[in-house]
Amino acid sequence: MAWRGRRGCARLATHLWSSTLPQPLAANDTDPPVTEREAVRRQQFMRVAAAVFRKHGLARATMEQVAAAAGVTKVVLYRRFPSKDALIQGIFAETIHRLKEQDAKPWRGYGGGMRKALLAARSFEDGFILLVRHGNQNPAYHAAHQALRKRTGQRLRALLWHPERPPPPAERPPLLELSLDPMISFCNDALAYWVEKGDPARDEMFLRWCGQMIRAWRHNAAELLNLDSPEQEWPFDTEGALP
């Protein structure tokens with residue numbers, strides 16, 4: 001039985017924490033569709049640019065440096081991205097796309113969501129670290145950074161009521177968002193740290209540690225929010241053992 005508010009609110013079952021190319025889309029309704037070859041080319045530029053921006057900083061890096069690193073002229077780069085801001089926004093959008101693509105997969109236990117997020121982050125490492133570390137430093141990128149936090153918050157919020165859906169916003173506990181905020185930061189910052197500095201050979205240990213942190217948060221949040229205790233304990237989706 002899932003956790004519910006004491007007033008009860010039965011909902012349909014839902015999965016939690018569910019790199020491939022996104023489907024080619026037109027920039028707007030009047031532009032021709034982007035071909036798969038062009039989508040690949042754009043991703044190549046974004047990958048190179050993310051590495052340049054991470055090395056030199058979002059403010060200091062230039063389109064000239066990106067073009068040089070990609071081995072093309074600025075004209076070729078500007079054909080795909082009309083400005084530096086457009087290029088950065090493209091990098092952030094690609095990062096969030098990869099995370100959400102993993103979110104669609106079933107949740108199989110504590111640590112499972114972080115496992116899928118780790119896979120997505122490693123597939124576009126520079127973009128992910130830029131978004132977590134620097135996305136809130138410039139007002140132009142705040143929307144992308146907030147989209148990342150919203151995505152993480154949705155995963156955590158769903159966990160409190162899993163496998164049922166969270167109740168409508170008007171019926172949620174008043175302190176719900178307060179309980180979510182620090183855990184959102186923990187999940188994103190811990191993942192960025194591990195992608196940047198962690199040893200891939202110790203991924204299972206990291207994922208189990210994250211799973212234990214999230215399980216402890218879930219129990220404490222349930223008490224704070226006056227939610228029913230679970231009749232069933234959810235498993236860990238990792239074989240890793242702590243030292």
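This is a predicted model: local features need pLDDT of at least 70, side-chain atom pairs count only at pLDDT 80 or more; totals for chains, interfaces and linings use all residues.
Visitor: What does R54 form a salt bridge with?
Guide: Here's the general idea: side chains of opposite charge can pair when their charged atoms come close. In this model, R54 pairs with E196, and their closest N and O atoms are 3.4 Å apart.

Visitor: Which network do R54 and E196 belong to?
Guide: Salt bridges with shared partners join R54, E125, D126, R133 and E196 into one network.

Visitor: Now E94 and R98: are they buried or exposed?
Guide: Both are buried. They form a salt bridge, with the closest N and O atoms 2.7 Å apart. E94 and R98 both belong to helix α4 (residues 84–103), where four residues, about one turn of the helix, separate them.

Visitor: And where do E204 and R115 lie?
Guide: E204 is in helix α9 (residues 203–224) and R115 in helix α5 (residues 112–123), so to speak distant parts of the chain, 89 residues apart. The two form a salt bridge whose closest N and O atoms are 2.8 Å apart. E204 is partly exposed, at 29% relative accessible area, and R115 is partly exposed at 28%.

Visitor: How many salt bridges does the structure hold?
Guide: There are 14.

Definitions and conventions: Residues are numbered from 1 along each chain as its sequence is written. Side-chain values use heavy atoms; hydrogens and water are left out. A salt bridge is a side-chain nitrogen of Lys or Arg within 4 Å of a carboxyl oxygen of Asp or Glu. Helices (H or I, at least four residues) and strands (E, at least two) are DSSP runs, numbered from the N terminus. Buried means under 20% relative accessible area, exposed over 50%, partly exposed in between (1.4 Å probe, protein chains only).
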